[in-house]
Amino acid sequence: MAEEAQKRPPQAPISPIKNFFAGGFGGVCLVFVGHPLDTIKVRLQTQPKPLPGESLLYSGTFDCFKKTLVREGVRGLYKGMAAPIFGVTPMFAVCFFGFGLGKKLQQRTPDDILTYPQLFAAGMLSGVFTTAIMAPGERIKCLLQIQAASGEAKYGGPLDCAKQLYREAGIRGVYKGTVLTLMRDVPASGMYFMTYEWLKNILTPEGQSVSDLSVPRILFAGGMAGIFNWAVGIPPDVLKSRFQTAPPGKYPNGFRDVLRELLREEGVMSLYKGFTAVMIRAFPANAACFLGFEVAMKFLNWLVPGY
């Protein structure tokens, strides 16, 4: 690993502050591209088990997409987007800041090139950093997405949803699912950033800098990082979506009850519900995220060189 690190081309000095602002812009790009398929993913993951003789509400990703489009139009695919937009900008800012800080903390000198396990560890730190913002945003988003599918109108929007959750169960109601968010995001974020850095290094022509990578190569590296991220994160994400949208008191022992119910009633493959929607979304959304991040970083390096 150390030898691999030495072979890699030198990179620009790490600036967690620049990572913060560039990551926020990357997060906005991700939401605009990826939210429609995120809506489909959540609806597939949370659809009720059919009664005997009845069929599933959605037979799969494309059926869910078609029914949502027919019943609710394009706006239906973007239901609940305000919550992730307001949550994702600071969340991705904090995520990329955490990754930058994780890298900086492991460097003995500014010229140190980190190994891939070190990059994985820095990515895991970013997952810890983002949970405080991610957990309530995900809770509100999931509730709004399934509300639109069920036809009930309990919540008037993200702010109304947050107010009702707080009124009903206090801060614990808003942060329901935090442990599962950590279980998803810590290992998945490690895989996310390590994969992106690994692919960037592989795709960089010999003798050139990774900062000069072409747009198609950045898009490919970012898209594949998203796929690797979700390959790790989807089972805890299924548990999280089910737990966060369940009525109060349904799962008194937390995610363990959700896991037992899913395995007993639907088998191991239930942990991969929404897999197709997740993977279709993962590539373009994360390609857009990392391209936005790299463009913003170039602008910040031009605006404030050497910091």
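**Note on a predicted model: pocket, cavity, cysteines and selected residues**

1. The largest pocket is lined by 50 residues, and those nearest its centre are Ile146, Arg242, Thr245, Ala246 and Pro247. Two or more lining residues of this pocket come from each of helix 2 (16-46), helix 6 (116-150), helix 7 (158-174), helix 8 (178-203), helix 9 (215-244) and helix 10 (255-266). Helix 6 gives the most, with six residues, and the space in the largest pocket is about 1,400 Å³. By class, its lining has 22 nonpolar, 14 polar and 14 charged residues; here Ala, Val, Leu, Ile, Met, Phe, Trp, Tyr, Cys and Pro count as nonpolar, Asp, Glu, Lys and Arg as charged, and the others, Gly among them, as polar.

2. On the basis of the values, this is a predicted model, in which local features need pLDDT of at least 70 and side-chain atom pairs count only at pLDDT 80 or more, while totals for chains, interfaces and linings use all residues. Residues are numbered from 1 along each chain as its sequence is written, and side-chain values use heavy atoms, with hydrogens and water left out.

3. Grid points are joined across faces, edges and corners, and a volume is the space filled by probe spheres set on the points. Helices (H or I, at least four residues) and strands (E, at least two) are DSSP runs, numbered from the N terminus.

4. A search of the whole structure finds one cavity of 30 Å³ or more, and the space in the largest cavity is about 480 Å³. Its lining is made of 30 residues, with Met91, Phe92, Met134, Arg184 and Trp230 nearest the centre. The elements giving two or more residues to this lining are helix 2, helix 5 (82-106), helix 6, helix 8, helix 9 and helix 11 (275-303), and the largest share, seven residues, comes from helix 5. The lining of the largest cavity divides into 13 nonpolar, nine polar and eight charged residues.

5. Arg184, one of the residues nearest the centre of the largest cavity, is found in helix 8 and counts as buried because its relative accessibility is 3%; buried means under 20% relative accessible area, exposed over 50%, and partly exposed in between, with a 1.4 Å probe and protein chains only. The side chains of Arg184 and Glu138 are joined by a polar contact of 3.1 Å, a polar contact being a pair of N or O atoms within 3.5 Å, where, within protein, one must be able to donate a hydrogen and the other to accept it, and residues adjacent in sequence count only if both atoms are side-chain atoms.

6. Thr204 is found in the loop between helix 8 and helix 9, and its relative accessibility of 9% is why Thr204 counts as buried. A polar atom of the Thr204 side chain lies 2.6 Å from the backbone oxygen of Lys200.

7. On the cysteines, zero disulfides are found in a search of the whole structure, a disulfide being a pair of cysteine sulfur atoms within 2.5 Å. The sulfur nearest to that of Cys95, which is in no disulfide, belongs to Cys289 and is 7.7 Å away. For Cys142, the closest cysteine sulfur, in Cys161, is 10 Å away and therefore too far for a bond. Cys95 is buried, with a relative accessible area of 5%, and Cys142 is buried at 0% relative accessibility.

8. Two further residues are partly exposed: Leu219, in helix 9, has a relative accessible area of 28%, and Phe275, in helix 11, has a relative accessibility of 37%. The C-alpha atoms of Phe275 and Leu44 are separated by 9.4 Å, although these residues are 231 residues apart along the chain.

9. Over residues 213-299 the chain is 77% helix and 0% strand, with the end C-alpha atoms 15 Å apart.

Definitions and conventions
On a 1 Å grid over the protein atoms alone, a cavity is a set of points where a 1.4 Å probe fits but cannot get out, and a pocket is an open set with protein on both sides within 12 Å along at least five of seven lines; lining residues have an atom within 4 Å of a point.
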